[in-house]
Amino acid sequence: MLLFAPPALQAQAPVEAPRAPLALDLPGALSRARSENPMLRAAKARVDERRGLITSTRADALPQLTLVGDFTRARDVSMLNSGFADLAPSLGLPLSALAGTRSVYTSQANLTQPLFYWGKLGTAIDIAKMGEKEAAYGFSTSELDTLHGVAKAYLAVLVAQAEQEVVETRRKTAEQFVSDVKARLEAQTATELDRLRAESELLAVIPEALQAEANVKRALEVLNGQLGLDPKTPLALAELGQPEPAARPAGTERSELAQLKQQEAMYRANEKIITSDLRPKFDFSASYGYQAGKTDNLFKEPYDTWRVSVTMKFPIFDGLRSSGKRAQNTAQLEQVKQARVDRERSIAIEQSTADRELEKAIALTEASRKAHDATVEALRMSRESFDQGLITSLDLLQAERSERQAESQRRRAELGLWSARFDQRRALGLAPL
C-alpha cells in the first residue's frame, strides 16, 4: 500500500498569476497614504474621540430627566419601637396589628439640574474643546510624519532601483566583454589572462546583482506598508526628474509646538476647576409621580406625590485632596512648558541643519554630474584605445567600473537632493509637495 502518491499524481500547488504593477507617482502615493495609512486613521479616530468628549462633558451642565418605576414589599416595625406600642395593649390592640407587611407601587419622574458651580462646568466644556484642538494638532503631526515617511520610502525605492539598474548594466557589460574577449582569443588578438579577467569581473557582479534585487524588494515592501497595501503588491513608480531650483519656502507654526501650547492652556484652565471644588455648589432637583399600595390607585388622586428642593453643598475639609491636585496640576504645567522650550530649540536646530544639508546636497549634485560627464568621456577614450591595442582589458574594465560608479553616484546625489528638500520642508512644518 502506498502511503504517498507518486510525484506525478500529487496535486500541484497553485501558481499565483502575476499581478499588474500599480502605477504611482509621488503625489499619488501621498494622496493614497492620506486615506489608507493605518496610523493616520488612528490619529483621526483620536480627534473623533475628543469631539465625543465635548458632548459628554456638556451633558453635565444640562438637565437630567429620569423616569422611575418601583415595587417595594416590606414589613415595617417602626411602630413597635414607638411609645404608642406601650399603650396598644391597654387599648385592646395586639402588637401584631402594629407591624404588618405592605406593598408600595411607585411611578415618578425625577429632574436634576446644576445651578451654580463657580464656572466649573463651563470650564470643563472649554477644556474638552481645547482637547479636540490638541488632538487635531496631534493629527497634523502624524500626517506630516506619515507623508514624509512615504516620500522617503518612495525615494528609497528609486535609489534601490537605480542601483539595481547600474549593477544590471554592469553585468550586461561584463557578459558582453567576456564574449568579446573570447572572440579576440580565437582570433589570437587577446590572451588567456584577458579571458580570466573578464570572467572574474562577471562573477564578481553576480552577488551584487542579487543584493541589489533584494534591496529593491525590501524597499517596495516598506513603501507598500506605508501606503496600506499588501507587502507583495508590485509597484511601478514614476521618476522624480531633476529638482527645480527654488527659494526657501515660508514656514508655518509647527503642529508639535501648537499642541504643547494647547496643553498648557488646558492645565491653566484646570486650575479653575480645582479652585471651584472648594466653593459652595447649588443644585436643583424636582420629582413628580404617584405612590400607592394597590396598582388600581396609581395615576389617581390623592396618591400623587411631588418634591422640589434646592441643595447647597459646602466642602469644609477634603483631606487635602484639592491641595494635592493643585500641586500635581502645577507640576504637569511646568513639564509641558519645559517640553515646549526644548522643542522650540530643537526645531531651530533642525531648520538650520536642514538648510545646510540642502546647500551641501546641491553642491554634491553638481559635482556628481561633472564627474559623471568626465567618466563617460574617459570610457569613450578607453574603448578607442583598447580597440587600437594601446591599453589592456584590465584598464578597460576599470574604466567601465568607474563609469558605472559615477552613474550611481549621480543618481544618488539627485535623489539625495530631493531628500534634503523634503527634510527642509518637514523642518518648516510643510508637506513634501
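Student: What is included in the cover over the buried residues of helix 2?
Tutor: This is a predicted model, in which local features need pLDDT of at least 70 and side-chain atom pairs count only at pLDDT 80 or more, while totals for chains, interfaces and linings use all residues. Residues are numbered from 1 along each chain as its sequence is written, and side-chain values use heavy atoms, with hydrogens and water left out. Helices (H or I, at least four residues) and strands (E, at least two) are DSSP runs numbered from the N terminus, and buried means under 20% relative accessible area, exposed over 50% and partly exposed in between, with a 1.4 Å probe and protein chains only. What covers the buried residues of helix 2, where contact means heavy atoms within 4.5 Å, includes helix 1 and helix 4.

Student: Within what arc do the buried residues of helix 2 fall?
Tutor: In helix 2, the buried residues are Leu40, Ala43, Val47, Ile54 and Thr57, whereas the face turned away from them carries the exposed residues Glu49 and Thr55. The arc is taken over the directions from the helix axis to the C-beta atoms. Seen down the axis, the buried residues line one face of helix 2, because they fall within an arc of 105 degrees.

Student: Which residue's backbone nitrogen is approached at the start of helix 2?
Tutor: Helix 2 runs over residues 38–58 and reaches 31 Å from its first C-alpha to its last, close to the 30 Å expected, where the expected span is 1.5 Å times one less than the number of residues. At its start, a side-chain oxygen of Asn37 comes to within 3.0 Å of the backbone nitrogen of Met39.

Student: How far apart are the end C-alpha atoms of helix 6?
Tutor: Helix 6, residues 255–276, has 22 residues and should therefore span 32 Å. Its buried residues include Leu257, Leu260, Met266, Ile273 and Ile274.

Student: With which residue does the side chain of Gln424 make a polar contact?
Tutor: Gln424 is found in helix 8, residues 393–427, and counts as buried because its relative accessible area is 7%. Not counting residues up to four places away in sequence, Gln424 touches Arg248, Pro249, Ala354, Asp355 and Leu358. A polar contact is a pair of N or O atoms within 3.5 Å, one able to donate a hydrogen and the other to accept it within protein, and residues adjacent in sequence count only if both atoms are side-chain atoms. At 2.9 Å, the side chain of Gln424 makes such a contact with the side chain of Asp355.

Student: What is the phi of Phe299?
Tutor: Most residues other than glycine have a negative phi, and most peptide bonds are trans. The loop between strand 5 and strand 6 holds Phe299, which is exposed at 57% relative accessibility. Pro302 is found in that loop too, and the peptide bond from Glu301 to Pro302 is cis, with omega near 10 degrees. Phe299, although not a glycine, has a positive phi of about 65 degrees.

Student: Is Leu320 buried or exposed?
Tutor: Leu320 lies in the loop between strand 6 and helix 7, and its phi, near 65 degrees, is positive in a residue other than glycine. Because its relative accessible area is 60%, Leu320 is exposed.
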